[in-house]
Amino acid sequence: DAPHLMMLMASNNQIEKLPKTLRNLVALDTCYLNDNKLRSLDGLFSHRSTLIRLYMDNNEVEYLAQDEFLKSENIDEIQLASNSISSLNKSLIYITNLRSVNLNGNMLREFSMQEIYGLMKLRLLDLSHNHIEKLTGRLENVSDIPTKTLLYQLLLGNNLLRSLDGALAGLGNLRRLILSNNLLEN
């Protein structure tokens with residue numbers, strides 16, 4: 001019972017499961033859980049309108065449930081690098097204030113642009129060092145894309161991409177695109 005606790009720092013421990021009492025921290029806006037042994041978020045951040053920053057790098061998170069951030073629209077930054085995430089399950093689409101996502105070093109094999117369409121504040125998406133072979137979710141009506149995302153930086157280096165298949169068409173605000181160390185042929 002800590003209704004005024006705003007920051008939780010529990011990095012570099014051996015935490016395997018988050019306690020359900022985390023839901024009671026109603027003022028929590030920043031959570032550092034890096035370098036633990038967490039396998040899932042257990043939906044504990046799904047109704048966190050106060051949460052702004054979530055740092056969970058270097059854990060063992062395997063998946064994100066579709067409703068993982070259902071009522072957490074105010075999250076600005078998510079760091080989930082170096083986990084074992086194989087699918088986002090459209091879990092990010094509810095986070096309307098999301099500005100930065102780091103999913104570097106996970107197990108993603110495919111990424112759909114539909115995962116980020118509608119996130120108008122998203123500026124940085126780091127998908128480097130995954131196993132992405134294919135980008136999907138291309139909108140047929142390219143003129144709709146500027147109303148779907150204003151992404152500035154897309155990092156896709158060190159994946160297994162052979163072709164972009166037009167998946168990045170219409171990203172007119174993109175300023176930095178990293179595609180190094182892939183299998184691109186054209």
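Predicted model: local features only at pLDDT ≥ 70, side-chain atom pairs only at ≥ 80, totals over all residues.
A charge is taken to sit over a ring when NZ of Lys or CZ of Arg is within 6 Å of the ring centre and within 35 degrees of the ring normal. Arg 175 lies over the face of Tyr 152, with 4.2 Å to the ring centre. Arg 123 also brings its charged end over the ring of Tyr 152, this time at 4.8 Å from the centre.

Read from the N terminus, the order of elements is simply β-β-β-β-β-β-β-β-β-β. The radius of gyration comes out at 17 Å, close to the 16 Å that the globule rule gives for 186 residues, so the chain is as compact as a globular protein of that length. Along its principal axes, the C-alpha trace spans about 55 × 30 × 25 Å. As for contacts between residues at least 6 apart in sequence, 44% of them join residues at least 24 apart.

Next comes the question of what is tucked away and what is left showing. Of the 186 residues, 43% count as buried. The chain exposes about 9100 Å², and carbon and sulfur atoms supply 48% of that area. In soluble globular proteins, nonpolar side chains tend to be buried together. Here, the largest nonpolar core takes in 45 residues. Those with the most contacts inside this core are Phe 45, Met 56, Phe 69, Leu 92, Leu 98, Phe 111 and Leu 127.

Leu 127 gives a closer look at the core. Setting aside neighbours within four places in sequence, Leu 127 touches Leu 103, Leu 108, Phe 111, Ile 132, Leu 154, Leu 155, Leu 156 and Asn 159. One of these partners, Phe 111, is itself on the list of residues with the most contacts inside the core.

As to cover, Tyr 55 counts as buried because its relative accessibility is 11%, under the 20% cut-off. Tyr 32, at 24% relative accessibility, counts as partly exposed.

Terms used
Residues numbered from 1 in each chain as written. Heavy atoms only, no water. Core = buried A, V, L, I, M, F, W, Y, C linked by side-chain atoms within 4.5 Å. Buried < 20%, exposed > 50% of the residue type's maximum accessible area, 1.4 Å probe, protein only. Contact = heavy atoms within 4.5 Å. Helix = DSSP H or I, 4+ residues; strand = E, 2+ residues; numbered from the N terminus. Rg over C-alpha atoms; globule rule 2.2 N^0.38 Å. Areas by Shrake-Rupley, 256 points an atom, 1.4 Å probe, with all protein chains shown as cover.
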